[in-house]
Amino acid sequence: MYDALAAGAWGLLAGSALLAGAAIGTFFAVPRQLIALIMAFGSGVLIAAVSYDLIAEARDTGGMLPTVLGTAAGAAVYSAGNALLARRGGRHRKRSGGHQPSEEQQPGSGSAIAMGAVLDGVPESVVIGASLLGGGSVGLATIGAVFISNIPEGMASAAGMRTAGRGRRYVFALWGGIALLSGVAALLGNALLGDAPPEALAAVTAFAAGAILAMIADTMLPEAQENAHLVTGLVTVAGFLTALGLGEL
């Protein structure tokens, strides 16, 4: 039980970065180009965490078949959920400009944005809990990568919500709730998977990795590319190398 509670605390810590980023994006007029650069950096961090931590750990734990199937399933489920929410107004939930529709422009878009935030955050949190099973070496590197990447996500999304006319109460209630949910998801990921066979644990880890990769491509890189332009690749690689260094530490 102690391990599960510790996993929940780590998940809450990683999720709290969303709230910190939202505060920055809400109270300060951060230039969109700077948000885009930070988003590109966060994308690189997550790509490295997925590649060298999650996928590698899944392969070593359960073999290639559960890893491949889990990754493909995670990407497919995330993409299907994202497509459904996009039709309801949640497509641009991580965009800092005027992409997000207001409630007047598209009724129900606020709920779609909230559900999209849950869709984005839960896979990261579950894998944090799973990665800490048995003192797993993935844990701290994964937590650090999620924490770093969550800051620009919160910044961009909160700035976009304010541009769309949503109040500060909505912004902080949303990201505060997601931070709490991150802790709960990490706790459950640790508690429910503690006795899982290696193949099942590998499949769950890979499922989350696939969902995270799809999320990066669908929601993070578009924001980075639109406003960072030709330096997006360079900054993304800088984030990738930073995560590799974090993993070595």
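Here are a few questions and answers about this predicted model.

User: How many residues does helix 8 have, and what is its reach from first C-alpha to last?
Analyst: Helix 8 covers residues 232–248, which makes 17 residues. At 1.5 Å a residue you'd expect 24 Å, and the model comes close to that. From its first C-alpha to its last, the reach is 25 Å.

User: Why do the buried residues of helix 8 line one face?
Analyst: The buried ones are Thr232, Val235, Thr236, Gly239 and Ala243. Look down the axis of helix 8: these residues line one face because they fall within an arc of 105°.

User: Which residues are exposed on the other side of helix 8, and which helices are included in what covers its buried residues?
Analyst: On the other side, Leu234, Leu241 and Glu248 are exposed. As for the buried residues of helix 8, their cover includes helix 2 (32–62) and helix 7 (198–228).

User: Is Asn150 buried or exposed, and what does Asn150 touch?
Analyst: Asn150 sits in helix 5 (residues 138–163). Its relative accessibility is 2%, and the cut-off for buried is under 20%, so Asn150 counts as buried. Leaving aside residues up to four places away in sequence, Asn150 touches Ala14, Gly15, Ala17, Leu18 and Glu124.

Key. Residues are numbered from 1 along each chain as its sequence is written. This is a predicted model: local features need pLDDT of at least 70, side-chain atom pairs count only at pLDDT 80 or more; totals for chains, interfaces and linings use all residues. Side-chain values use heavy atoms; hydrogens and water are left out. Helices (H or I, at least four residues) and strands (E, at least two) are DSSP runs, numbered from the N terminus. The expected span of a helix is 1.5 Å times one less than its number of residues. Buried means under 20% relative accessible area, exposed over 50%, partly exposed in between (1.4 Å probe, protein chains only). The arc is that of the directions from the helix axis to the C-beta atoms. Contact means heavy atoms within 4.5 Å.
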